[in-house]
Amino acid sequence: MDDQLWAMVDRYLGASLGDSDEVLEAVLTTSLEEGLPLIQVPPMLGKFLHILARLMGARRILEIGALGGYSAIWLGRALPEGGQLLSLELEERHAEIARANVARAGLSGVVEVRVGAALETLPLLAEELGAGSFDLTFIDADKQNNAAYFEWALRLTRPGGAVVVDNVVRGGRVADEASKDTSVQGTRRLFDVMGAKPDVVAAALQTVGTKGYDGFAIALVPSTGSP
Ligand SMILES: C[S@@+](CC[C@H](N)C(=O)[O-])C[C@H]1O[C@@H](n2cnc3c(N)ncnc32)[C@H](O)[C@@H]1O
């Protein structure tokens, strides 16, 4: 394992391909000044999500876990005119900072941040909007509830849409079935659920970079019927 090498390559790739700008830098600076934990997606994953949303022609995106709005800005920028991103966030303070950052990015009319525990707001959302309302769902909140979030995402994302879950490798600890880490256990429950649904096509990729060794999973929502 060579964290320094990963970080160096990440910086090189970012400089070569462009993975930031003044607005995104300001989001990171504000988040730091406001004392938010620096647990937003790495720039290249933000850019990857942006590309994915554009490839899919996504018009409606659901995010679970807003923090300071960094990933919401990457994703919000991928939306066409009239597109919408709804981000669910537990902490009022995080939501306020996210809204301010989203405004700085000129996306206030595109990104809405709703406050509450996602397991409480998701059923309300299902009632309000109905099943299959989103093209893409990005899960990036408390890892203990990943399996339940995934079940809700399958319901709320349209057939043929995609669900992405971040931080599923956790420095490799995900492979340790004896781990007492509740985030590892939550992620393992996610894979149990994901793997047990015969109609769900899912993959997970390990990643390295400035933020160390982790990974994300992506699942295709079944085109016919409920999984
Ligand atoms: C990893 S951060 C999200 C980072 C963000 N997606 C980004 O990349 O910019 C996780 C966020 O989930 C929020 N969170 C934790 N538990 C939650 C819950 N039960 N419901 C909704 N949000 C929750 C945390 O407050 C935190 O802001």
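Is Trp 6 buried or exposed? Trp 6 is buried, with a relative accessible area of 16%, in what is a predicted model.

**View 1. A nonpolar patch lies on the surface.** Here you can find Leu 5, Met 8, Val 9, Tyr 12, Leu 13 and Leu 17, which together have about 590 Å² of accessible area. Val 9 sits in helix 1, residues 3-17. This residue counts as partly exposed because its relative accessibility is 37%.

**View 2. The largest nonpolar core has 29 residues.** Ala 53, Ile 61, Leu 75, Leu 85, Val 111, Leu 136 and Val 164 touch the most other members. Elements giving two or more residues to this core include helix 2 (22-33), helix 3 (43-56) and strand 5 (157-166). Helix 4 gives the most, with five residues. Look closely at Ala 53: beyond its neighbours within four places in sequence, Ala 53 is in contact with Ala 58, Ile 61, Leu 75, Ala 78 and Leu 136. A second, separate core of 28 residues includes Leu 86, Ala 118, Ile 139 and Val 169.

**View 3. The structure holds two aromatic pairs.** The ring centres of Trp 6 and Tyr 213 are 6.5 Å apart with planes at 55°, so this pair is tilted. Trp 6 belongs to helix 1 and Tyr 213 to strand 7 (residues 212-220), 207 residues apart. Tyr 213 is partly exposed, at 22% relative accessible area.

**View 4. Phe 48 and Phe 216 form a tilted aromatic pair.** Their rings are 5.3 Å apart centre to centre, with 45° between the planes. Phe 48 lies in helix 3 and Phe 216 in strand 7, so the pair ties together parts 168 residues apart in sequence. Phe 48 is partly exposed, at 35%, whereas Phe 216 is buried, at 7% relative accessibility.

Definitions and conventions:
Residues numbered from 1 in each chain as written. Predicted model: local features only at pLDDT ≥ 70, side-chain atom pairs only at ≥ 80, totals over all residues. Heavy atoms only, no water. Patch = residues over 30% accessible without salt bridge, like charges linked within 9 Å, V, L, I, M, F, W, Y side chains within 5 Å. Areas by Shrake-Rupley, 256 points an atom, 1.4 Å probe, with all protein chains shown as cover. Salt bridge = Lys/Arg side-chain N within 4 Å of Asp/Glu carboxyl O. Helix = DSSP H or I, 4+ residues; strand = E, 2+ residues; numbered from the N terminus. Buried < 20%, exposed > 50% of the residue type's maximum accessible area, 1.4 Å probe, protein only. Core = buried A, V, L, I, M, F, W, Y, C linked by side-chain atoms within 4.5 Å. Contact = heavy atoms within 4.5 Å. Phe/Tyr/Trp six-rings, centres within 6.5 Å; stacked < 30°, edge-to-face > 60°.
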